[in-house]
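Here is a short report for a first look at this structure. Please keep the sequence and the 3D view open while reading.

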Amino acid sequence: MSQNEIKVFCPATVANVSCGFDVLGVALDSVGDEMIVRKVYQKGIKITKLTGQDLPKETLNNVAGVAGNAFLLASDYDGGFEIEIDKRIKPGSGIGSSAASSAGAVWAMNHLLGKPFSKTELVKFAMEGERLASDVAHADNVAPALFGGFTLVRSYSPLDVIDIPAPSELYVTIIHPQIEIKTSDSRKILKTTISMETGIKQWGNVGGLVAGLFKEDYNLIGRSLEDHIVEPIRSILIPGFDEVKKVSLEAGALGSGISGSGPSIFAFSKGNETAVKVGEAMKTVYDKIGIAYEIHVSKINMEGVKLL
């Protein structure tokens, strides 16, 4: 491919990571979209090909187009870009489908122009794609997709993204029951206030999780995967949720929770072998209920979007 055209891998992500609603996220390695982005003389963004999922190709109705437009507006490039998307992450799966397309588009454009923007600036552009998808410009999926590893959105105004290391043996198992939950719908059911007592429990876990990642303390990571705010409400929308959590822990997982807004459920494990075992245990729950599912086992992707 010429320097005017690149192919990129755009990773799936787990947002919230239990206790960090809208501020924590992590990038995955084994599942993601693929995208070809090329520079053209004609101004604007054009999505020329979209395979894998039934999504709109019109620029303003597609998250990659909207994020790309935000990028173009801020750049001094007077041409445009064409985008081909091979959409491998199902929309509504809870593993950052819209974020992968948004992040991939702006990362590739930035790369083709010689990287005029920082990763944090790219997060801002990609957030516009998220605004289209879920009515809220949240960064907990696009930040890890662009930075790789774990990220903490310390502040939205001004935007301040902190990248956090991940222990080398940390693996993620994800089960995606084949039901769709729209992010915008699952946000509407959340309460807008919490008690002081709940807040204290929650930020103790956020601090514990971040400390556990830095210290490579797997048990501390597991103990901190507790959500007192969102999970009790959203888990009602996911059949078999409590049972999946229970069997995951019994199979050796460090902890588990809802991936993003669901319906996917994630579990962290130490080592690939345990992560595979956890996946087998998760399957039994949906086999019993009779709901089709997909399983992903992945190590942490420390790069984020990358060239193919």
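## Two domains

The centres of domain 1 and domain 2 lie 24 Å apart, taken over C-alpha atoms. Domain 1 covers 5-164 and domain 2 covers 170-299, with bounds from an automatic or database domain assignment. The contact (heavy atoms within 4.5 Å) takes 29 residues from domain 1 and 41 residues from domain 2.

About 2600 Å² is buried between domain 1 and domain 2, and carbon and sulfur atoms give 64% of this. Buried area is the accessible area (1.4 Å probe) that two parts lose on being put together, summed over both. In domain 1, S18, C19 and F21 lose the most area to domain 2, together 23% of what that side buries.

## Basis of the model

This is a predicted model: local features need pLDDT of at least 70, side-chain atom pairs count only at pLDDT 80 or more, and totals for chains, interfaces and linings use all residues. Residues are numbered from 1 along each chain as its sequence is written, and side-chain values use heavy atoms, with hydrogens and water left out.

## Salt bridges

Side chains of opposite charge can pair when their charged atoms come close. A salt bridge here is a side-chain nitrogen of Lys or Arg within 4 Å of a carboxyl oxygen of Asp or Glu. The structure holds 16 salt bridges. Two salt bridges are counted between domain 1 and domain 2.

K90 pairs with E294, with the closest N and O atoms 3.3 Å apart. K90 sits in the loop between β4 (80-86) and α2 (97-112), and E294 in strand β10 (residues 293-299), 204 residues apart. Helices (H or I, at least four residues) and strands (E, at least two) are DSSP runs, numbered from the N terminus. E231 forms a salt bridge with K245 at 2.8 Å, N to O. Both E231 and K245 are buried. Buried means under 20% relative accessible area, exposed over 50%, and partly exposed in between (1.4 Å probe, protein chains only). A network of salt bridges links E5, R38, E82 and E84.

## A buried proline

P263 is in the loop between β8 (255-258) and β9 (265-270). Its relative accessibility is 0%, so P263 counts as buried. Beyond neighbours within four places in sequence, the contacts of P263 include G92, S93, I175 and H176.

## An exposed methionine

M196 lies in helix α6 (residues 196-215). M196 counts as exposed because its relative accessible area is 59%.
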